[in-house]
Amino acid sequence: MSMFKKLLASVGIGAAKVDARLEQESLVPGDLVKGEVHITGGDVAQEIDEIYMYVVTHYEREVNDNKVKEECTLVKYRLTERVQLQPKEEKVLPFAFQLPYETPLTMGRQPVYLRTGLDIKNAIDPGDSDFIEVRPHPLMAKVLEAVQSLGFQLYKVDCEYNRYLGRTYPFVQEFEFRPTGAYRSRLEELEIVFYLREGELEVLLELDKRARGFLGVLEEAFDLDERYVRFRLYDADLKRPTSAIADAIEKLIKQQLR
């Protein structure tokens, strides 16, 4: 009977189970991911080689004119090494690690989830996935609010493969805005990419200008209509009114439109 149970456990029937429980499921990049992993033994004793946690997201990549989704592991955290688990035994292991500053926000349909797994030899490794809400860092929220106050409407947020603009990971998260006010006749769209670090936010603005006449068409053909502007905000800027940040952004946009 014991051998039969071992055989069943090796294919996942009557085997150990794992459940990660987060203290908070809503975080901002740079926050601590804290919680407990609850492990419940199955019908037979099992030796767990390691317990690991991944923070995972997806990004889109263009392959042969088709967009495909690729998975990206943002961080791998090893909770513990070898654990001996007896039948029906329950273990609770606390964990805490930092959510990377480059973690994309879960706006639109962008998923970010925590994947927990037990590494058990000669068996199907049991796992557990938990979706995390990733909210804008306060500095990001300031910029997004400021841009919208200038008459730009957010219409698309996605993660795109970009080796040139990506830093730690091979993608960037793009926030695409369309002008609804004074800039509607001069700009096609405004894109924002954030680079967050401790105490600092670097912002990349990309201005896509509307073509004007033959010269404008030529510029578009050679991708010369794309204009990049960079600026930085620091923790001290959180005390500044959003209107002051909006004024600074508008000044940069006007400089590029001259």
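The structure is a predicted model, in which local features need pLDDT of at least 70 and side-chain atom pairs count only at pLDDT 80 or more, while totals for chains, interfaces and linings use all residues. Residues are numbered from 1 along each chain as its sequence is written, and side-chain values use heavy atoms, with hydrogens and water left out. The protein holds four helices and 16 strands, where helices (H or I, at least four residues) and strands (E, at least two) are DSSP runs numbered from the N terminus.

**Overall make-up**

- Of the 258 residues in the protein, 45% count as buried, a term that stands for under 20% relative accessible area, with exposed meaning over 50% and partly exposed lying in between (1.4 Å probe, protein chains only).
- The accessible surface comes to about 14,100 Å², and 48% of that surface belongs to carbon and sulfur atoms; such areas come from the Shrake-Rupley method with a 1.4 Å probe, and for residues only the protein chains shown count as cover.
- Among the contacts in the protein with a separation of 6 or more, 63% are made by residues 24 or more positions apart, a contact being heavy atoms within 4.5 Å.

**Strand E13 and its partners**

- Strand E13, which covers residues 171-179, is mostly covered, since eight of its nine residues are buried.
- Strand E12 (residues 152-161) runs antiparallel to E13 and is joined to it by nine bridges; two strands are said to pair if DSSP finds at least two bridges between them.
- E13 also pairs with strand E14 (residues 187-197), again in the antiparallel sense, over four bridges.
- Phe175 in E13 stands opposite Val157, and Phe175 also stands opposite Ile192 in E14.
- As a general point, the side chains in a regular strand alternate between the two faces of the sheet.

**The open sheet E1-E3-E8**

- Three strands form an open sheet in the order E1-E3-E8, and their pairing is antiparallel.
- Strand E1 (17-22) and strand E8 (90-98) stand at the edges with a single partner strand each, so one side of each is left without a neighbour in the sheet.
- Neighbouring strands of this sheet are turned by 25 degrees against each other on average, direction ignored; the axes are lines fitted to C-alpha atoms, for helices over the stretch in contact, and angles run from 0 to 180 degrees between N-to-C directions.
- Strand E3 (residues 32-40) pairs with E8 in the antiparallel sense over nine bridges, and the bridge partner of Val37 in E8 is Leu93.

**Cysteines**

- A search of the whole structure finds zero disulfides, taking a disulfide to be a pair of cysteine sulfur atoms within 2.5 Å.
- Cys72 is in no disulfide, and the nearest cysteine sulfur, that of Cys159, is 9.1 Å away, which for the sulfur of Cys159 is too far for a bond.
- Cys72 is buried, with a relative accessible area of 7%, and Cys159 is buried as well, with a relative accessible area of 2%.

**Salt bridges**

- The count comes to 16 salt bridges, each being a side-chain nitrogen of Lys or Arg within 4 Å of a carboxyl oxygen of Asp or Glu.
- The side chains of Asp19 and Arg21 meet in one of them at 2.9 Å, N to O; Asp19 is partly exposed at a relative accessible area of 28%, and Arg21 is partly exposed at 44%.
- Arg61 and Glu70 form a salt bridge through their side chains at 3.6 Å, N to O, with Arg61 partly exposed at 29% relative accessible area and Glu70 partly exposed at 23%.
- In the salt bridge between Arg197 and Glu200, the closest N and O atoms are 2.8 Å apart; Arg197 counts as partly exposed at 33% relative accessibility, whereas Glu200 counts as buried at 17%.
- Arg197 and Glu200 also belong to a network of salt bridges that links them with Arg167, Glu202, Arg230 and Arg232.

**Thr242 in helix H4**

- Thr242 lies in helix H4, which covers residues 242-257, and counts as buried at 16% relative accessibility.
- Leaving aside residues up to four places away in sequence, Thr242 touches Lys142, Glu145 and Ala146.
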